[in-house]
Amino acid sequence: MTMTNKHYELIQQYYNEVSQETKDKYQGKTGIYAIYCDEALVYIGKSTDLLNRFIAHKANTFCDESPEYNSKKYQ
């Protein structure tokens, strides 16, 4: 996926908003995660860096330039 400048700006913004405690707990950690929408499971993923993957998902949710912006998991 090609990221736009807006994507990079959102990722940096969201990273700066994360507490140091959360960074210490999830950055660089491997794991499996799930995304729910209205209590319904819509996506299961795995990552070698849970914090950065979460931030990428959040950026896709709010970046209308993202090709995944209108996918069900980001509604």
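Student: Is E39 buried or exposed?

Tutor: Buried means under 20% relative accessible area, exposed means over 50%, and partly exposed lies in between (1.4 Å probe, protein chains only). E39 has a relative accessible area of 79%, so E39 is exposed. This is a predicted model, where local features need pLDDT of at least 70, side-chain atom pairs count only at pLDDT 80 or more, and totals for chains, interfaces and linings use all residues. Residues are numbered from 1 along each chain as its sequence is written, and side-chain values use heavy atoms, leaving out hydrogens and water.

Student: Where does E39 lie?

Tutor: E39 is in the loop between β1 and β2. Strands are DSSP runs of E with at least two residues, numbered from the N terminus.

Student: What is the phi of E39 near?

Tutor: Most residues other than glycine have a negative phi. E39 is not a glycine, yet its phi is positive, near 70°. D38 also has a positive phi, about 50°, without being a glycine. D38 sits in the loop between β1 and β2, and D38 is exposed at a relative accessible area of 75%.

Student: Which residues make the nonpolar surface patch?

Tutor: Nonpolar side chains (Val, Leu, Ile, Met, Phe, Trp, Tyr) are joined within 5 Å, using residues with over 30% relative accessible area and no salt bridge (a side-chain nitrogen of Lys or Arg within 4 Å of a carboxyl oxygen of Asp or Glu). Here I32, Y36, L41 and I44 form a patch of about 480 Å². β1 (31-37) and β2 (40-47) each give two or more residues to the patch. I44, in strand β2, counts as exposed because its relative accessibility is 55%.

Methods
Patches are made of residues with over 30% relative accessible area and no salt bridge: like charges are joined within 9 Å, nonpolar side chains (Val, Leu, Ile, Met, Phe, Trp, Tyr) within 5 Å. Accessible areas come from the Shrake-Rupley method with a 1.4 Å probe; for residues, only the protein chains shown count as cover. Helices (H or I, at least four residues) and strands (E, at least two) are DSSP runs, numbered from the N terminus.
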